[in-house]
Amino acid sequence: MTSPASSSEVKYLIESSEGNTFDVSGAALRQSNTFNAMFLNIGADGPIPFTDYNEATLKKVFEYCEHSVNEENYSGPKHQDDLSKWDLNFFNEMDQKMFIDVINASNFLDIERLTSYCCERIARMLRGKNTQEMIKVITLPTAEELEAKQKVEEKKAAAAKKVAEKAAETAEKTETLEELPVQQLVQTTRNKLTRKYLSFSNE
Amino acid sequence: MEPTFPLFRLPENVIIEVIKNLSIDPLFEFSLISTKTKTVAASLGRTAHAVRFTIFRDVDVTVFYGSCIMSLTFYNDSFDALIHLDSNQPISAHSVNENRLVRSSTPFSFNNWLDHIQSVFCCNKPPNVIFWHGNERFEMESLKNAIKSVDHLVVFEHNTEFRIREVLEHFKNPNELTLERNPYEEACEVQKFFIQNYNNLVFRDDVSLDDILLINSERVELSRPISQKQFNRFLKHWICGSNPRLQYMNLFIDTTDLIRGNVHLKGIECMEMSEESMKEIRQNHGIDDNDMVQIRRKEGTTAVIAMKDCETFLYVRFYVLN
């Protein structure tokens, strides 16, 4: 159990798709707007289930967050040329599969800085290319791939629902907070996640 | 070999974040990949503040978005035959910024290109169209069918009188008109344009006092000098109620007829302006004219006449105050 008024020393347990758990500092987690919306004020009772993402991906994402803890506040996208050596190494050591997993996880966790840097990195692959060259780069999906994507989105929506339920469950157990605001927070979180993932499923 | 990246495996909000990083030309090329990319690109809501067609030997379509400009050229071949802008004929576009051909994934006609540009850059306003030297190469009816309506129509003096008349007949109701040359022999024909209620009228040929008194546009720019006497008469008519829609006019007064003296304000009841009022006019309109007087028409509307002496002529700006 963690304190709602968490400081950077507070650790949270994160659960991955494999069922493994690992620690992440509160300061790193606070870079995730999704986490802030769900758990920041009410704390988490037990591991936080981000079970749609594997351990390697989540560790990579939170490695970035841990590193960014002491950096100045995020002030919008930076050009790749302005990235630090550490940032460049961070991106360069990922293969494409890991990179895609990291973007998806970062997007789900709503980590603005990391998502933005990833997107800039992809945009860089498109700059200076004509339409035909872009088509080659972005490898347009087949109908089967589009169908598979929809299934993945549905699975993600289910996972998000599970996380929201966990947040709601935790909130109900939290005795230190007033009943009404917690219920409102949980309801808001549920609604937000449901909306977000219904929109993904409908793409 | 170029690296590949399965962009469409990412959620749509991430794809949108990716393309936010693209400037105007790559964004446009991205939008040409498929209907989906067109929709995603348009969803950014990058609204062009103007689209300009310049028609000379080829057709340039320029999109103005913030401080960015994208320019595509069509029909830049060396053939001399009359060109019908066939709405169904596939045509290639040449990017001026990138200096290369821009190809859509499916063949586009000229109309398809225009529709695509208007969709991606959220243009609801009709384009500005400039008819430059050499535009006779394009058949007028097909131009009209492709462009449809016009916001600001500019017809340069290099055109033949016949061509100018043809342009004016086909593009009848622009919001703004710039006409460099009067293509008509009869005064009453060009006066049809002075009577129209444009937002802005620029006329660069000779004008008579009758022409000026017919002006029904909000803003007017006249390039050819008129005489002091003509201006004086215009003011007297304005005081009595002429040109009720006029808000601003600039013109030149010929001051070479010095023998007659300074007569442009003769008989006009002018009110002197305080330095503060003059400063306000200068600041509001970004001018540095020193001489200003204020006049009042019978129903109470006032106007400021700002003048700048340019040796052989006076540059006059006429502001109606609300």
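Visitor: Which residues of chain B does UniProt list for "domain: F-box"?

Guide: The unreviewed UniProt entry gives residues 4–59 of chain B. UniProt positions follow the numbering used here, feature names are shortened, and annotations may be inferred rather than shown by experiment. Keep in mind that this is a predicted model, where local features need pLDDT of at least 70, side-chain atom pairs count only at pLDDT 80 or more, and totals for chains, interfaces and linings use all residues. Residues are numbered from 1 along each chain as its sequence is written, chains are lettered from A and ligands numbered from 1 in the order in which they are written, and side-chain values use heavy atoms, leaving out hydrogens and water.

Visitor: How much of residues 4–59 of chain B is helix, and how much strand?

Guide: Helices (H or I, at least four residues) and strands (E, at least two) are DSSP runs, numbered from the N terminus. Residues 4–59 of chain B come out at 45% helix and 12% strand, with the end C-alpha atoms 35 Å apart.

Visitor: And how many helices and strands does chain A have?

Guide: Chain A has 9 helices and 3 strands. Reading from the N terminus, the order is β-β-α-α-β-α-α-α-α-α-α-α.

Visitor: What share of the residues in chain A is buried?

Guide: Buried means under 20% relative accessible area, exposed means over 50%, and partly exposed is in between (1.4 Å probe, protein chains only). In chain A, 46% of the 203 residues are buried.

Visitor: Now backbone angles. Which residue of chain A has a positive phi although it is not a glycine?

Guide: That's A:Asp110, with a phi of about 55 degrees. A:Asp110 sits in the loop between helix H5 (96–109) and helix H6 (112–126), and is partly exposed at 27% relative accessible area. The loop holding B:Asn99 runs between strand S4 (93–95) and strand S5 (100–102), and B:Asn99 is exposed, at 58% relative accessibility.

Visitor: How many disulfides does the structure hold?

Guide: A disulfide is a pair of cysteine sulfur atoms within 2.5 Å. Over all chains the count is 0. Take B:Cys123, whose nearest cysteine sulfur, on B:Cys122, is 7.3 Å away. B:Cys123 is buried, with 12% relative accessibility. For B:Cys240, the nearest cysteine sulfur belongs to B:Cys270, 14 Å away, and B:Cys240 is exposed at 56%.
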